[in-house]
Amino acid sequence: MKPCGVRYWALSLFQIPLAIGFTAWILCGKEPIASQGPNKQEVNKLIFPLMALMAGGLGGVFGIGGRVLISPLLLQVGVAPVVTAATCSFMVFFSSTMSAFQYLLLGMEQTRTALVFSVICFVASLLGLVVVQKAIKEFGRASLIVFSVGIAMALSAVLMTSFRVLDVWEDYRSQSYMGFKLQC
């Protein structure tokens, strides 16, 4: 597929009606969404599409995953940690699959490397799931999920900041252009 061609934009813009459809489905649903917090009150359904829009926008601008942004928001609204982890895992699976599909359509060259990393990530995810489930069964605390999300977020913040600072320094030393690049 030619980058920035008609098929490219048609496929890219297809996600807008898809997002509107899913948002309407959530907002028109009959069942209320109850908070898991101390007061167990009903949550405004509009908060979830707004959080997703904010996380997607910030994730796209800064190049970070939506899970890093959406996990604390879901926990703050009162969604149970187990539900938050499952929701974010599905989001990561969906966005990763769509990104891989986009790279394949645009002629990705290193498919073997991507396949190896996919298998490693899949096995590591299963291993992590088994370990967390056993820990929750043994200790009886779902807060282990919140703790692991917090550790992952802190580690991501430190590593992303460190690598970006090194990249900016290298671009500055080599006098490379550090502005925004055009889409096409």
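What follows is a chat about the fold, the core and a few side-chain pairings.

Reply: Happy to. This is a predicted model, where local features need pLDDT of at least 70, side-chain atom pairs count only at pLDDT 80 or more, and totals for chains, interfaces and linings use all residues. Residues are numbered from 1 along each chain as its sequence is written, and side-chain values use heavy atoms, with hydrogens and water left out.

Me: Great. How many helices and strands does the protein have?
Reply: The protein has 7 helices and 0 strands. Both kinds of element are DSSP runs numbered from the N terminus, with helices being H or I of at least four residues and strands being E of at least two. From the N terminus the order reads α-α-α-α-α-α-α.

Me: And what box do the C-alpha atoms fill?
Reply: Roughly 55 × 35 × 30 Å, taken along the principal axes.

Me: What about helix α7, how far does it reach?
Reply: Helix α7 covers residues 143-173, which is 31 residues, and spans 45 Å from its first C-alpha to its last. That is close to the 45 Å expected at 1.5 Å a residue, where the expected span is 1.5 Å times one less than the number of residues. Just after α7, Gln 175 has a positive phi of about 55 degrees.

Me: OK, new topic. How many salt bridges does a search of the whole structure find?
Reply: The search finds 1 salt bridge, meaning a side-chain nitrogen of Lys or Arg within 4 Å of a carboxyl oxygen of Asp or Glu. The partners are Arg 164 and Asp 167, at 2.4 Å from N to O.

Me: Where do Arg 164 and Asp 167 sit relative to each other in the helix?
Reply: They are 3 residues apart in helix α7, so about one helical turn separates them. As a general point, an α-helix has 3.6 residues a turn, so residues three or four places apart point the same way.

Me: Is Arg 164 buried or exposed?
Reply: Arg 164 is exposed, at 53% relative accessible area, while Asp 167 is partly exposed at 34%. The cut-offs are under 20% for buried, over 50% for exposed and in between for partly exposed (1.4 Å probe, protein chains only).

Me: How many aromatic pairs are there?
Reply: The count comes to 3 aromatic pairs. Rings of Phe, Tyr and Trp (its six-membered ring) pair if their centres lie within 6.5 Å, and planes under 30 degrees apart are stacked, over 60 edge-to-face and the rest tilted. One of the pairs is Tyr 8 with Trp 9, with centres 5.1 Å apart and planes at 80 degrees, so this pair is edge-to-face. Tyr 8 is buried at 9% relative accessibility, and Trp 9 is partly exposed at 33%. Another pair, Trp 169 with Tyr 172, is tilted, at 5.7 Å centre to centre and 35 degrees between the planes. Trp 169 and Tyr 172 are 3 residues apart in helix α7, about one helical turn.

Me: Now the cysteines. How many disulfides turn up in the whole structure?
Reply: The search finds 0 disulfides, a disulfide being a pair of cysteine sulfur atoms within 2.5 Å.

Me: Which residues make up the largest nonpolar core?
Reply: That core has 7 residues: Phe 48, Met 51, Ala 55, Ile 70, Leu 74, Val 79 and Cys 88. A nonpolar core here is a set of buried Ala, Val, Leu, Ile, Met, Phe, Trp, Tyr and Cys residues joined through side-chain atoms within 4.5 Å. Helices α3 (47-62) and α4 (66-77) each supply at least two of its residues, and the largest share, 3 residues, comes from α3.

Me: What does Ile 70 touch?
Reply: Leaving out residues up to four places away in sequence, Ile 70 touches Met 51, Ala 52, Ala 55, Cys 88 and Met 91. Contact means heavy atoms within 4.5 Å.

Me: Last one: is Thr 84 buried or exposed?
Reply: Thr 84, in helix α5 (residues 81-105), is buried at 2% relative accessible area. Beyond its neighbours within four places in sequence, Thr 84 contacts Ser 71, Leu 74, Leu 75 and Val 79.
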